Amino acid sequence: MANQNELKHIAFIMDGNGRWAKARHLPRHLGHKEGCERVTDIYEECYSIGIKAMSLYAFSTENWNRPKAEIKHLFNYLEIFFKKEINRMLRDGCRIIASGDLTKLPLKTQKVVNDAIERTKDGKNFTFNICLNYGGKAEIVRAAKMFANDVKEGKRDINSLNIDNFEEYLYTKDLPPVDLLIRTSGEQRLSNYMPWQLAYAEFIFTPTTWPDFTKEELHKCIDEYNTRHRRFGGIKE
């Protein structure tokens, strides 16, 4: 049976901000604002109980289809989050990394995120992986191109490609495997999120919207995770 000590990396699909706002007759962007508050709470709890890494699906490659005003608010809240939390993360020894193509983001957002990455690069205690302009299929294609380029330049032999060295080209190359995926707000799909990394993760889909996802809700998910029998393709009696 799994136990909490084996739980090193949790990935989150933070769904339901808009639905939370609509239920309260508020504009959608205020749902994103409240969602940022939950990021702080869940980061604090993951860090305090000894989780080593968390990944957050903050903005997908498909999210560009949303209204421009909503996208602007979302990036504004993201910038506020990093400016507000960066000193605490530095004290915690947290390393911030980003998965996704940041070059498509507004220049101001790029600067804030890249500054946070640079300032925390020596953190050893925890990794905070923010997935921005991220798509799982695009990540795998990017990795394949990078490997092919190394073959072209003579750095790799084509016949040397295997699962372990291919992972070196993923955004998450320095992170432990994802143990648990939590998606809030009731949807039961991955939405192009970390298909490689989630190959053997446990999935929990909770009806709770992200703005309502408290520390107590997190522990309910961890308790459920601890009841799972993780076989990794083998057999456990």
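**Exercise 1.** Is F81 buried or exposed? Then find its stacked partner F128 and describe the pair.

*Solution.* Keep in mind that this is a predicted model.
- Step 1: The relative accessible area of F81 is 6%. Buried means under 20%, so F81 is buried.
- Step 2: A pair of aromatic rings is described by the distance of the centres and the angle of the planes. For F81 and F128 these are 5.8 Å centre to centre and 20° between the planes. Planes under 30 degrees apart count as stacked, and F81 with F128 is such a stacked pair.
- Step 3: F81 sits in helix α3 (residues 68-92), while F128 belongs to strand β4 (residues 126-134), so their pairing ties together parts that are 47 residues apart in sequence.
- Step 4: Look around the pair. Ring pairs link F81 and F128 with Y43, Y47, F82 and F126 into a cluster.

**Exercise 2.** What kind of aromatic pair do F59 and W64 form?

*Solution.* 
- Step 1: Their ring centres are 4.8 Å apart, with 75° between the planes.
- Step 2: Planes over 60 degrees apart count as edge-to-face, and that is the class of the F59 and W64 pair.
- Step 3: F59 is buried at a relative accessible area of 1%, whereas W64, at 33%, is partly exposed.
- Step 4: To place this pair in context, the structure holds 20 aromatic pairs.

**Exercise 3.** At what angle do helices α2 and α7 pack, and which residues make the contact?

*Solution.* 
- Step 1: Helix α2 covers residues 28-48 and helix α7 covers residues 215-225; they pack at about 50°, with axes 9 Å apart.
- Step 2: That angle makes α2 oblique to α7.
- Step 3: The crossing of the two helices is right-handed.
- Step 4: From α2 come D41, I42, E44, E45 and C46, and from α7 come K215, L218 and H219.
- Step 5: Sorted by class, this contact has four charged, three nonpolar and one polar residue.

**Exercise 4.** Where do H25 and M194 lie, and is each buried or exposed?

*Solution.* 
- Step 1: H25 is in the loop between α1 (17-23) and α2. Though not a glycine, H25 has a positive phi of about 60°.
- Step 2: At 76% relative accessibility, H25 is exposed.
- Step 3: M194 is in the loop between β5 (180-183) and β6 (202-205). Its phi is also positive, near 50°.
- Step 4: At 1% relative accessibility, M194 is buried.

Key:
Residues numbered from 1 in each chain as written. Predicted model: local features only at pLDDT ≥ 70, side-chain atom pairs only at ≥ 80, totals over all residues. Heavy atoms only, no water. Axes fitted to C-alpha atoms, helices over the stretch in contact; angles between N-to-C directions. Helix = DSSP H or I, 4+ residues; strand = E, 2+ residues; numbered from the N terminus. Parallel < 35°, antiparallel > 145°, perpendicular 65-115°, else oblique. Left-handed = near helix turned anticlockwise from the far one by under 90°. Contact = heavy atoms within 4.5 Å. Nonpolar A, V, L, I, M, F, W, Y, C, P; charged D, E, K, R; others polar. Phe/Tyr/Trp six-rings, centres within 6.5 Å; stacked < 30°, edge-to-face > 60°. Buried < 20%, exposed > 50% of the residue type's maximum accessible area, 1.4 Å probe, protein only.
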